[in-house]
Amino acid sequence: MDTTIAPAGEAAFCDSCSSQVNHEDQFCTNCGYPLKGSEEDKHKFLMDRNYKEINLEEANRNIKKSSYALFYIAGVTALVGLIQYGTAGDATEKNTVLLVNIILAVIFTAIGFWCRVKPLAAIISGAALYALIQILNAMVDPVTVVKGIIFK
């Protein structure tokens, strides 16, 4: 329905979002569509909106992949903790290794869920935590760096 030629007594609707608009409005108050603009303006508005929607969909896919990566790191951390628990020498070392890895797995899981709410902060936090763990492991036992490169 063309909103520019509707009679004064008839309701007018936006061609873009179907919101009810006034006949005097230049732009839709809901979406910003140029109600009285040229066909070129209207076409440009719709093309820009579609482009933004495509970019938003791609960004949401990347955020989902990032949260899955954080969940993967959490799972691997928990698994490594269990393996180290089984191979550690004394009971104190076993419990410490398991506790630290389970806590890290829970933190990475929480960051994975947080990634859906605040993606940039969560991704940076997760990457920083992962880098910090790798640096601390390298400081404690430099051989772990070489092992990590070989196993990854």
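1. Helix α2 passes helix α3 in a left-handed crossing (left-handed: the near helix is turned anticlockwise from the far one by less than a right angle; helices are DSSP runs of H or I, at least four residues, numbered from the N terminus). This is a predicted model, in which local features need pLDDT of at least 70 and side-chain atom pairs count only at pLDDT 80 or more. Residues are numbered from 1 along each chain, and side-chain values use heavy atoms.

2. α2 covers residues 91–114 and α3 residues 119–140; they pack at an angle of about 160°, with their axes 8 Å apart (axes are lines fitted to C-alpha atoms over the stretch in contact, and angles run from 0 to 180 degrees between N-to-C directions). The two helices are therefore roughly antiparallel (an angle over 145 degrees).

3. On the α2 side the contact (heavy atoms within 4.5 Å) is made by L104, I107, F108, I111 and W114. The residues from α3 include P119, A121, L129 and I133. Across both helices, 11 contact residues are nonpolar, two are polar and none is charged (Gly counts as polar).

4. The largest nonpolar core has 11 residues, including L70, A74, F108, C115 and I133 (a core is a set of buried Ala, Val, Leu, Ile, Met, Phe, Trp, Tyr and Cys residues joined through side-chain atoms within 4.5 Å; buried means under 20% relative accessible area, with a 1.4 Å probe). At least two residues of this core come from each of α1 (39–87), α2 and α3. α2 gives the largest share, four residues.

5. Another core, of seven residues, lies apart from the largest one; among its members are A12, C28, Y33 and L35.

Notes:
Parallel < 35°, antiparallel > 145°, perpendicular 65-115°, else oblique. Buried < 20%, exposed > 50% of the residue type's maximum accessible area, 1.4 Å probe, protein only.
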